[in-house]
Amino acid sequence: KLQMEEKLKKEYFIDQEILEERQKELLDLHIHGAPEEIMDWIKDAINNYVLEKFVSVISISGTAAEFILEDVINQTSLSKSQKDKIKEPYHRDRLLICKFSGIIDEQEYGWFENIRSKRNKYVHPKIWMEGTTPEEIESVRLNVKSEAKGNAKVVIRDLILLANKIYSSNN
């Protein structure tokens, strides 16, 4: 019973020092101009980062980025049918269409693409391919956990830089 309690504490309770360390890692990030619903997604990502839920950070950031791109597309002077056509394909294709049509610039595309590719890596890990052994699946799971922290920090920074650039230019 004592071992189970210790395991649960380790799994679900984060030391106060670790929480403070995670908060300090994000102190230099400032968000300005984003609408409330985007701010909510960003806050969720930050809170998950502090709680060391790094895969959740990446997933939430990917969703937020998709909403930001939707806002960008909606703010163009394109007709409704043109906007609807852009929104139809996969997110990667939407990004390319927006980049090549000048809706987003190269820097914005880079942030969007980095968030998208990291999100896909963690949300759709390539573990269910035919012939994958249980050992290979476990190896992927361990790699995901060990890589996610660094990638989460990069993704959340890109999300905030993206939101700041997109929404500050619209005010």
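Which residue forms a salt bridge with E70? The partner is K87, and the closest N and O atoms are 3.2 Å apart. This is a predicted model. The structure holds nine salt bridges.

**Salt bridge between helices**
- E70 sits in helix α4 and K87 in helix α5 (residues 80-87), so the bridge ties together parts 17 residues apart in sequence.
- E70 counts as partly exposed, at 33% relative accessibility.
- K87 is also partly exposed, at 23%.

**Other salt bridges**
- E113 pairs with R116, with the closest N and O atoms 2.6 Å apart.
- These two residues lie three apart in helix α7 (residues 106-123), which puts about one helical turn between them.
- Both E113 and R116 are buried.
- D93 forms a salt bridge with R92, and their closest N and O atoms are 3.6 Å apart.
- D93 is partly exposed, with a relative accessible area of 26%.
- R92 is partly exposed as well, at 43%.

**Surface charge**
- A patch of negative charge on the surface gathers E36, E37, D40 and D44.
- D40 belongs to helix α3 (residues 36-50).
- The relative accessible area of D40 is 38%, so this residue is partly exposed.

**Backbone at E52**
- Most residues other than glycine have a negative phi.
- E52 is not a glycine, yet has a positive phi of about 65°.
- E52 lies in the loop between α3 and α4 (54-74).
- E52 counts as partly exposed, at 29% relative accessibility.

Technical notes: Residues numbered from 1 in each chain as written. Predicted model: local features only at pLDDT ≥ 70, side-chain atom pairs only at ≥ 80, totals over all residues. Heavy atoms only, no water. Patch = residues over 30% accessible without salt bridge, like charges linked within 9 Å, V, L, I, M, F, W, Y side chains within 5 Å. Areas by Shrake-Rupley, 256 points an atom, 1.4 Å probe, with all protein chains shown as cover. Salt bridge = Lys/Arg side-chain N within 4 Å of Asp/Glu carboxyl O. Lys, Arg positive; Asp, Glu negative; His and termini not counted. Charge placed at Lys NZ, Arg CZ, Asp CG, Glu CD. Helix = DSSP H or I, 4+ residues; strand = E, 2+ residues; numbered from the N terminus. Buried < 20%, exposed > 50% of the residue type's maximum accessible area, 1.4 Å probe, protein only.
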